[in-house]
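Notebook open, model loaded. I'll jot things down in the order I look them up.

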Amino acid sequence: MKRRITDERRAFLSTQAALSSKFATGTNASVHSEAAMSEQDTPQAPEILREIHEAERSVEAMLRQAEREAAGILERARAEATSVLAEQRRELEQRQSKALAAGLAEAKREAEQLLTNAQANASDMRAHCTGRIDEAVDLVLGRILPGWGQFHD
C-alpha cells in the first residue's frame, strides 16, 4: 500500500515537472512540441487523474481509519482513567474505614481504662470508708449515749 502511494506520488511529480518545463520555455518551438506532447499525454492524463483520485481516496480512508483508532484509544484511556479513579476511591474509603475503626478501638480502650480507674478509685474509697465506719459509729454513739465510750473501749 505504501509503495503504491509512493509510485503514485512519483508519477504525479513527474507529470507536474513535465508540465512546468513545458510552460517555462515560452518559445514557439515548445508550443509545437507541446501540441505533439499534448496528443501523447492525452491518453495518460485521465489515467494520472484516476490515480491521483485513487490516492486521495486512499489517504482519506487512512485518515478515517486513524481517526477511528484515535477515538478508540481515547475511549480506552477514558475507561482506564475511570477504572483507576474508582480503584483509588475504593482504597480511600478503605483507609478511611480502617482509620475510623482504629479511632473507635482507641476510644473504647480509653473508655475501658477510665472505667477501670473509676472502679479502682471506688474500691479504694470503699475500703477507706469501710475502715472508718467503726470510728464514725463510735463517735455518733459516744455523742448520743454518754457512757458509750467508757464501756466500749
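**Entry 1: layout.** In what order do the elements of the chain run from the N terminus on? I read off α-α-α. My count gives three helices and zero strands.

**Entry 2: confidence.** The chain has a mean pLDDT of 80, and 69% of its residues reach 70 or more. I then went through the elements. Helix H1, residues 2-25, has the lowest mean pLDDT among them, at 60, while H2 has the highest, at 86. Over residues 25-39 the pLDDT is below 50. I looked up what this stretch touches in the model: beyond near neighbours in sequence, it has five contacts. Where pLDDT is low, the predicted coordinates should not be read in detail. I'm leaving that stretch alone.

**Entry 3: surface.** How much of the chain counts as buried? I get 5% of the 153 residues. I placed Val-59 in helix H2, which spans residues 28-144. Val-59 counts as partly exposed because its relative accessibility is 37%, between the 20% and 50% cut-offs.

**Entry 4: salt bridges.** How many salt bridges does a search of the whole structure find? The answer is six. Side chains of opposite charge can pair when their charged atoms come close. I went through several of them one by one.

- Glu-75 and Arg-78: their side chains meet in a salt bridge at 3.8 Å, N to O. The two residues are three apart in helix H2, so about one helical turn separates them. Glu-75 is partly exposed, with a relative accessible area of 47%, whereas Arg-78 is exposed at 52%. I noted that the 50% cut-off falls between those two values, which is why they get separate labels.
- Glu-87 and Arg-90: the closest N and O atoms of this salt bridge are 2.4 Å apart. Both residues lie in helix H2, again three residues apart, about one turn of the helix. I have Arg-90 as partly exposed at 37% relative accessibility, and Glu-87 as partly exposed at 34%.
- Arg-132 and Glu-135: the side chains meet in a salt bridge at 4.0 Å, N to O. Three residues apart in helix H2, this pair is also separated by about one helical turn. Arg-132 is partly exposed, with a relative accessible area of 47%.

**Entry 5: a network.** Which residues are linked with Arg-50 in a network of salt bridges? I found Glu-47 and Glu-54 there, so the network as defined by salt bridges holds Glu-47, Arg-50 and Glu-54.

**Entry 6: wrap-up.** The pairs I listed at Glu-75 and Arg-78, Glu-87 and Arg-90, and Arg-132 and Glu-135 sit in helix H2, the element with the highest mean pLDDT.

Key. Residues numbered from 1 in each chain as written. Heavy atoms only, no water. Helix = DSSP H or I, 4+ residues; strand = E, 2+ residues; numbered from the N terminus. Buried < 20%, exposed > 50% of the residue type's maximum accessible area, 1.4 Å probe, protein only. pLDDT = per-residue confidence, 0-100. Contact = heavy atoms within 4.5 Å.
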